[in-house]
Number of protein chains: 2
Amino acid sequence: MSYVVALDVGGTSMKGGLVSESGEVTGFPGRPTGREDGPEAVVANIRAYVAELAASGDGPPRGVGLAVPGIVDADTALFSANIGWRDVPAGAFVPEGLPVSLGHDVQTAGLAESVFGAGRDVTDFLFLPIGTGIAGALIIKGEPYGGVNGWGGEIGHTPVWPDGERCACGQTGCLETYASAASLGRRYTERTGKPATAVDVMANAATDPHAYAVLAEAVEALAISLASYTLLMDPAMIVIGGGLGEAGEALLMPLRDRMTERLSFRKPPPLRQTALGVRAGMLGAGILGWRAAGVRNWAPQLDL
Amino acid sequence: MSYVVALDVGGTSMKGGLVSESGEVTGFPGRPTGREDGPEAVVANIRAYVAELAASGDGPPRGVGLAVPGIVDADTALFSANIGWRDVPAGAFVPEGLPVSLGHDVQTAGLAESVFGAGRDVTDFLFLPIGTGIAGALIIKGEPYGGVNGWGGEIGHTPVWPDGERCACGQTGCLETYASAASLGRRYTERTGKPATAVDVMANAATDPHAYAVLAEAVEALAISLASYTLLMDPAMIVIGGGLGEAGEALLMPLRDRMTERLSFRKPPPLRQTALGVRAGMLGAGILGWRAAGVRNWAPQLDL
């Protein structure tokens, strides 16, 4: 059966699988990237993983799709602060002769939401996964847009309260320092001295005033940032994903209210929860793999 | 000689001219739009103006290009709060049989900066005219991008200090309420009781502490907003125009400093002054006119 190898490479671990032409995903156990051994080791680990996945398939794969962090174009992993590589040609990640295409991790997940997910009926939207950090994929005319050098989408480090808290990045008042899942836990602990995760904060917001205050400030920070995005980009939709996105309407309802309040002469666009969740990365890498195989508009009907 | 009619329609006045294939602009006296007589009168006034301009040319024009305010696509003026029209087909603005193309006023000026002006060597940049108000043209892959419904580019109403001053638009802390030319004068007067224009404030900033404070706050507001734009869009350049843009390096130097200060993990893109100034609107309308005539990539060498 015709298939491609799909790989979603994170900072510390990667997960891979096979994606058939009809869209069936066969996932394989993930493994560490091994970045503590340096960028060359990571490249070798990815190549070995791709080779194993390819060997498990029915004949050679038609192509390979890789979602990687940092700055990337289809043919080169240009830079990742996290992994430490620079200018790695796509061919280095795969056994010789396999067609391969690279994509940025968040943008690749956004591409999957565009083709299969919450954004499948629109062409222009923001995909915003809220996890340990916050970065967005700007989907413009159906494709991720990373700006002129691929540094775009850093909405997590746009200032929402520009004279506010210092962010870990060195800037002041970044969205991420108020609204990431990691920040929810950290800010609760700063107020109370008690350890907490974002899930705790969400769960206790109705009864614990400290949890409520931390969540309300995160929602306000998101509303400010997404109101700005709306005014600037006029998107058809905003799709919220990541760990915090799992909260669904518990997050989206107050966020919708606060965005409406922040906007005077226009309405906010629809806010939706991701339709693909954690599968977005692998399906997006599958799209890249099929593109590498020459199938430009791969978009089978999926059961979601 | 082969030419098109170009018209730049503002809220209160419009100016028109003829644009030859080699890029010579023959300007004609401007005239009021006549919006106090209602949107139908404005359409009739534009049509009469186009007819006069066409009659002054050497034979009929090859096409007509119109830059208009509000929400617009190439074939329809969809909406303008300022003028009051809705869904006016492009053909209504011209004598029967003339090919015509419409564009958004700021986006059309940005298109001219992209083809002929400060952005001619790059494909992705922000054109930001700072005048009575502030609105931007997002140039993406060489073309203006107005979002899914054409409401994009409203950077003047993105919040910079979200708990700050009330803006005339009803929102709180908008860039425009701190940094437009009108706001510079208004804010100086609020501090001192003395009337002032933006030009006064710029001119006196070195000696008058109130003028300095008002200007410094405007520069900080612009830096916050343009830092956000940079992080989100990764533009190749930011081009500042409009009345305040005339200040050139007196504005751009401190703005560059404050943007650098606001950004930690990346540099700001180059900040440039508009190369076309007030000619951008007419040249942009000329581009639209030549597109209407079927000349898609009209870009003669201009003496700037």
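Modeller: Gladly! Chain A and chain B bury about 3,400 Å² between them, with 62% of it on carbon and sulfur atoms. Buried area here is the accessible area (1.4 Å probe) that two parts lose on being put together, summed over both. This is a predicted model, where local features need pLDDT of at least 70 and side-chain atom pairs count only at pLDDT 80 or more, while totals for chains, interfaces and linings use all residues. Residues are numbered from 1 along each chain as its sequence is written, chains are lettered from A and ligands numbered from 1 in the order in which they are written, and side-chain values use heavy atoms, with hydrogens and water left out.

Biologist: How many residues does the contact take from chain A and from chain B?

Modeller: The contact takes 40 residues from chain A and 40 residues from chain B, contact meaning heavy atoms within 4.5 Å.

Biologist: How do you know that the copies meet through the same surface?

Modeller: Of the interface residues of chain A, 100% are also interface residues in chain B, so the surface is the same for both copies.

Biologist: What makes Asp163(A) and Arg262(B) a salt bridge?

Modeller: A salt bridge needs a side-chain nitrogen of Lys or Arg within 4 Å of a carboxyl oxygen of Asp or Glu. The side chains of Asp163(A) and Arg262(B) have N to O at 3.4 Å, so this pair qualifies. The rule finds 2 salt bridges across the interface of chain A and chain B.

Biologist: And inside chain A, what makes Glu143(A) and Arg291(A) a salt bridge?

Modeller: Their closest N and O atoms are 2.6 Å apart, and 1 salt bridge is found across the interface of domain 1 and domain 2 of chain A. An automatic or database domain assignment gives domain 1 as 3–109 + 278–292 and domain 2 as 121–273. Domain 1 and domain 2 of chain A bury about 760 Å² between them, and Ile71(A), Val106(A) and Gln107(A) supply 69% of the area that domain 1 buries against domain 2.
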